[in-house]
Amino acid sequence: MNRLRILAFATGLILSGESRGESPFGPFSDPDFPFHTCTLDLSNLGEGFAKGNLVPRAIILKLGKDHYACWDPDLLRVAAFWKGGFVEMGGMAANSYHPENAKKKVPQGMGSLPRIIGEPIFTNGMFPGWSAGKDINLNDPRTRAPNPMEKGLGGLPLSHGRWNGIYRTGKNVVLSYTVGDMPIQESIECDNREFTSGLVRSFRLFKKAKKTLQLFACEVPGAYSHKVDPKTNTALLYDNKRKDTVTAVGVFSPREKINLLVYKNRHIILNIPKDTAPTMLKVITWRGRTEQLPAFYKMLRTGVNSTNAKRGGIPLWFEVEQTSISKPKEKAAYSIENIPLPIPNRWKRNIRPAAITKVSKGIFATVTFDGDVWLIYGLMEDNTNLTWKRYAAGLHEPLSIEVVDGKIHVFTRNGIIRLHDFNNDKEADFYENFCNLFGQTSETREFASSFARHPEGGFILTKGGQQTASHGRHNNHLLHVSADGENVTKIAYGLRQGFANTHPGDGRIYATDQQGHYIPSTPVHLITPESFLGFKEPDHDGRFPSVHEPLCWVPHKTAPSGTHVIWTAQKGLGPLNDRLLLVDYHNPGLLQVFQDLSGKQPQGGVHRLPIELESPPLKACVDPENGDLYLSGLQIFGSKAKRTAGISRIRHTGKPSFLPTDARINNKGLVLTFNQPLDLTNTTREHIKIQRWNYKRTKKYGSGHFLLDGKPGQESLPLANVFLSNDARRLFLAVPEMKPVHQVEVAFKLQAQNKMKIDDKVWFTAHHLPKFDPVTEKFKRIPLRETLPGNAQGPNLPSDRISKAAGEKLYTNIGCIGCHTLDGQRAGRPGPSWKGIFGTKRRLTNNKTAVADENYLRESILNPGSKILEGFQDNEVAMPPYKGILTDSQVDSLVLFIKSL
């Protein structure tokens with residue numbers, strides 16, 4: 001029967017129905033899937049339970065009959081067993097899962113973490129669930145974090161134990177881990193009988209024990225007395241002097257020397273002596289009224305069940321979905337196709353693709369922020385029909401996916417998970433822990449931001465650093481995980497919310513970051529090992545290390561939210577072949593990055609491509625066979641995209657384009673290279689405008705624009721001469737008094753010899769000024785025409801006309817829309833709503849008040865840190881200063897727009 005069902009899938013015969021009822025989406029946690037991953041706060045369950053108990057990487061096991069257990073894969077412990085209610089849905093993914101909450105963020109910090117809804121039965125505190133050796137040791141052997149109270153320290157040292165992963169065997173699971181050198185498989189069930197229930201843990205030990213093994217079965221803080229009965233191999237902890245409530249642990253085992261003991265009148269420990277042969281055993285933990293103990297003893301009379309976990313589970317999602325691609329009608333050089341998502345679907349799952357990768361020819365895989373992996377069949381040349389197959393579920397807020405050696409790897413808050421399909425039914429049977437050795441705090445904003453293959457083996461990954469509640473072991477870090485997953489090393493540090501990728505050939509690592517505190521604008525980094533990248537990590541004496549400056553800066557209004565960097569293929573994308581691209585999430589699009597690696601300090605520039613996306617682009621991937629570029633993402637972090645989520649495909653149509661393909665700065669000016677020969681017949685100096693400015697790194701959010709003498713503003717540079725190369729594709733702009741500077745903007749309006757026109761900008765960063773000789777480089781001077789009356793005053797210059805309409809346009813264009821609503825609601829935005837704000841009295845953090853008049857609004861725009869509203873002082877996203885960026889007329893237009901609301 002199973003073989004026939006697989007055959008039906010392979011031939012595409014079974015499709016799920018289209019009608020799914022009124023609501024397209026069910027609950028965030030799939031009720032038919034056996035486990036759920038989240039962060040779980042168990043710290044305040046009441047008297048008789050462990051205090052300060054927190055599980056940053058919790059696996060919630062659904063045991064049936066409204067009973068649940070929390071497995072902690074980092075400490076290899078059952079952290080809690082409870083009944084009568086699941087867990088509160090919490091975290092960024094769960095909170096924004098339904099469309100009406102698509103842009104809603106949970107509060108930062110750890111004040112709104114998921115908690116259990118039901119009645120706790122027993123817990124274990126913050127210590128390893130197993131140990132190897134004669135001595136009883138409850139100490140946590142993991143390396144501490146900079147914050148000594150931080151509990152998200154990652155997995156145990158491999159010498160102590162290792163979490164291997166979770167097998168799905170249908171609607172049940174088998175846990176796999178190693179203690180010392182002992183491989184263990186464990187299945188957890190609930191035994192319900194006579195109106196009471198117990199947690200049943202069945203173990204299989206695969207080797208002879210070289211050391212004594214100890215399992216910490218349960219903890220009862222404040223227990224009054226205890227009793228150990230060797231005849232029945234049980235141990236009891238009584239709650240009080242009356243002995244009317246008891247916690248009991250019993251063992252069913254063929255090995256007589258396996259026994260129970262009580263430690264410090266609060267811990268019941270299973271002791272497995274050294275030299276114990278491979279065996280199977282069962283441990284039952286129960287809590288209830290003393291008169292119910294006979295029900296507990298009956299639970300011990302059943303044998304140990306054995307499951308062949310590697311056989312693979314029965315399919316849960318046998319049906320498939322189909323969608324069809326509508327061919328774009330664009331006549332441009334690059335076509336943009338929106339890949340339709342299978343919504344609605346049989347499982348009532350929302351599909352918010354966070355990342356996409358190629359598995360094999362015609363097959364891609366996408367991972368959703370909500371924890372699902374889908375296989376997509378049919379993404380090939382000229383094919384419009386796609387088949388979607390659900391492959392995995394239950395992952396903890398994943399944001400990245402890669403394929404290595406044919407295996408799908410997903411980066412989640414629980415670590416890097418490698419997925420295995422044992423029986424080839426196109427569903428994951430084993431969720432292997434590839435690596436969980438790096439820390440993961442419970443902070444709601446510590447995302448599994450990015451990871452990527454390293455050409456020399458293993459992965460690189462980034463850990464965010466903008467947390468406010470705690471500072472973990474690896475926050476701010478760019479890490480390398482070895483090819484076997486057993487070593488994690490620091491490459492660089494100082495990232496606020498970084499994203500990184502590698503060059504597919506030579507392994508160079510590139511990264512971008514989010515503007516914010518200490519990060520004045522969007523950077524693009526070429527990583528140097530052990531470098532400090534600028535964010536919030538002072539030395540012990542309070543001073544900052546020397547900052548390794550980025551390859552280039554990108555102005556905030558050009559790309560306020562860089563989320564990924566990627567190298568394109570060497571063929572298939574025309575002028576964009578073998579190109580480093582920067583993904584801009586906020587203004588949905590792409591920028592090409594130019595590089596000059598000739599000096600000691602790499603430098604470069606960026607150019608925004610004429611590509612506008614309807615879906616929010618969070619991550620990108622390349623099809624190396626044909627060069628197609630795929631982008632995926634979802635709304636939640638503040639994007640101007642029209643769609644809530646989606647996947648886009650960009651293809652080169654073969655039609656002509658007119659783009660800059662390189663940009664470099666030197667001691668005498670700037671060189672722009674184009675993919676088309678230029679025609680400068682009608683070009684004047686008014687068609688080329690050059691400005692420059694610096695940024696400042698401070699603890700304030702972002703940076704304004706500053707002149708070279710430190711005063712606010714931007715400096716216009718004179719254009720002395722223009723030179724054209726012999727092939728007419730390179731343009732040298734001679735500029736007097738060139739100096740190193742953070743940002744140079746060149747706006748140009750040009751024409752190619754084929755009559756194509758371009759009205760565009762390029763931005764440079766000049767750390768140094770290489771020597772340049774236009775004659776040696778075969779440039780010839782071009783006499784520019786004089787400016788004609790009525791001629792355009794240069795390209796892309798904003799209007800200085802003050803109006804409400806201009807202010808409304810600025811609200812969208814410079815990113816105000818990402819933080820401030822216009823309807824009086826916050827809707828998860830980090831800033832106050834603008835509706836009705838003018839003229840109101842505002843309470844500030846210094847216990848003073850201010851009236852939101854015109855002067856207040858102007859000051860809030862130009863220097864937002866001068867007056868901070870009560871309740872907004874702890875935002876992880878603050879407002880950047882616009883002093884030196886916006887003109888007086890633009891500020892006046894914004895004020896006029898705010899007054900009108």
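In what order do the four strands of the open sheet stand, and is their pairing parallel or antiparallel? The order is β28-β29-β30-β31, and the pairing is antiparallel. Strands (E, at least two residues) and helices (H or I, at least four) are DSSP runs numbered from the N terminus, and two strands pair if DSSP finds at least two bridges between them. Because β28 (450-453) and β31 (488-493) each have a single partner strand, they stand at the edges, with one side of each left without a neighbour in the sheet. Neighbouring strands are turned by 25° against each other on average, direction ignored; axes are lines fitted to C-alpha atoms, and angles run from 0 to 180 degrees between N-to-C directions. Five bridges join β30 (residues 477-481) to β31 in the antiparallel sense, and L479 stands opposite K490 in β31.

The model is predicted, with pLDDT of at least 70 needed for local features and 80 or more for side-chain atom pairs, whereas totals for chains, interfaces and linings use all residues. Residues are numbered from 1 along each chain as its sequence is written, and side-chain values use heavy atoms, without hydrogens and water.

Nine cavities of 30 Å³ or more are present. A cavity is a set of points, on a 1 Å grid over the protein atoms alone, where a 1.4 Å probe fits but cannot get out; lining residues have an atom within 4 Å of a point. Volume is the space filled by probe spheres set on the points, which are joined across faces, edges and corners. The second largest cavity holds about 180 Å³. Its lining comprises 21 residues, with C38, G90, G91, H396 and E397 nearest the centre. β1 (35-41) and α2 (92-95) are the elements giving two or more residues to this lining, and β1 provides the largest share, four residues.

Note on methods
On a 1 Å grid over the protein atoms alone, a cavity is a set of points where a 1.4 Å probe fits but cannot get out, and a pocket is an open set with protein on both sides within 12 Å along at least five of seven lines; lining residues have an atom within 4 Å of a point.
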